[in-house]
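Thanks for coming. I have one structure to go through today, and I will keep it short.

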Amino acid sequence: MPGLLVAASAALIAWLAHLALPAVPMLTAAVALGIVVGQIPALRPALTGSLAPGLRIAARRLLRLGIVLLGLKLSLVDIAALGWVSIATTIGVVVLTFVGTIGLGRALGLPGHQPLLIASGFSICGASAIGAMGAAVRARDEEQAVPVALVTLCGTLAIAVLPALWRPLGLSSTGFGHWVGAGVHDVGQVVATAQIAGTTALAVAVVVKLTRVLMLAPMVAITAAVERRKPTDAAGPHPAIVPLFVAGFLAAVLLNTLVPLPEWLLTGADQLQTVLLAMALFALGASIRLGELASTGWRALVVGLTSWVLVAALAYGAVLLG
């Protein structure tokens, strides 16, 4: 309970920070708060002691439950309305960014699952994708912490950088929304960035972004299938081809597509999902040690920044093709 209560308190503080500064998404504030807490030496005994069990539950189980509820944001009808060209180019951006980031991460010698987790976060849907992929391959919390920090950093930078490039790149408001949806990582960061160009841009950005989110299920399933082919002594027990929370995510998508759910239910699920993810991301952020990251994580930083530029460039190309 102590760790869960601290994570819940952090989610409340992140929500208040978002209310005070609407441009800062709640999930971004939660990660940032976790990172700050993790750097305070006096708090580390508690973080690794009495608070550790609750924080571990938040970082794992609550994250997975939040991903299931994320499926209620998606409707296959809205995604189909984009047209086949936009859907195909969005899928292409995800796949090319994913493969390119993994290749770069391995070329630079990133350890363990870091290349896979960074690729998932930057290509699909930010910290949620990192948590989903980490659960599928049974990555340690420490392996997920650095990718979460990187995707949060670059997503926050995008809130400032992409609007500054809107006019110079000659994009219409609709084109800007498409670019943001295809190139920014977290849903909250997409909303914070696209709303600058108006409601039409925001609507397009959210639908394109949710199309990327839908790629979470097949990407996780394919990765889990690959993991199953590895020798048991090298990879541990074989993961399920479709983890239970991914099946729940797909079920939520189908439910929202086929059943006219009441608005109050969707609103409540959205708020609960945001709180659960905020608690989980605070817990992951609290496990980051910036001193260690500065001395050993420069390669991960290079991979993250390069992946950020890659997904933005591919997304811009997708807008031009559309």
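What you see is a predicted model. The chain has 17 helices and zero strands. Along the principal axes, the C-alpha atoms fill a box of roughly 50 × 45 × 40 Å. Of the 322 residues, 50% count as buried. As for contacts, take those with a separation of 6 or more: 77% of them are between residues 24 or more positions apart.

Now the helix packing. Two packed helices are described by the angle between their axes and the distance between the axes. Both of my examples involve α11, residues 199-214.

First, α9, which covers residues 173-183. How are α9 and α11 oriented to each other, roughly parallel or roughly antiparallel? Their angle is about 30 degrees, and the axes are 7 Å apart. The cut-off for roughly parallel is under 35 degrees, so α9 and α11 count as roughly parallel. The crossing is right-handed. On the α9 side, the residues in contact are Ser-173, Thr-174, Gly-177, His-178, Gly-181, Ala-182 and Gly-183. They meet Thr-200, Ala-201, Val-204, Ala-205, Val-208, Lys-209 and Arg-212 of α11. By type, this contact has five nonpolar, seven polar and two charged residues.

Second, α10, residues 187-194. Here the angle to α11 is about 160 degrees, with the axes 9 Å apart. Angles over 145 degrees count as roughly antiparallel, and α10 and α11 are therefore in that class. This crossing is right-handed too. α10 contributes Val-187, Val-190, Val-191 and Ala-194. From α11 come Ala-201, Leu-202, Ala-205, Val-206, Lys-209, Leu-210 and Val-213. What types of residue make up the contact of α10 with α11? Ten are nonpolar, none is polar and one is charged.

Ala-201, Ala-205 and Lys-209 of α11 are listed in the contact with α9 and also in the contact with α10.

Last, the loop residue. Pro-111 sits between α6 (84-107) and α7 (114-137). Is Pro-111 buried or partly exposed? Its relative accessibility is 47%, so Pro-111 counts as partly exposed. The C-alpha atom of Pro-111 is 8.8 Å from that of Glu-143, a residue 32 positions away along the chain.

That is the end of my part.

Key
Residues are numbered from 1 along each chain as its sequence is written. This is a predicted model: local features need pLDDT of at least 70, side-chain atom pairs count only at pLDDT 80 or more; totals for chains, interfaces and linings use all residues. Side-chain values use heavy atoms; hydrogens and water are left out. Axes are lines fitted to C-alpha atoms, for helices over the stretch in contact, and angles run from 0 to 180 degrees between N-to-C directions. Helices (H or I, at least four residues) and strands (E, at least two) are DSSP runs, numbered from the N terminus. Angles under 35 degrees count as roughly parallel, over 145 as roughly antiparallel, 65 to 115 as roughly perpendicular and the rest as oblique. A crossing is left-handed if the near helix is turned anticlockwise from the far one by less than a right angle, and right-handed if clockwise. Contact means heavy atoms within 4.5 Å. Ala, Val, Leu, Ile, Met, Phe, Trp, Tyr, Cys and Pro count as nonpolar, Asp, Glu, Lys and Arg as charged, and the others, Gly among them, as polar. Buried means under 20% relative accessible area, exposed over 50%, partly exposed in between (1.4 Å probe, protein chains only).
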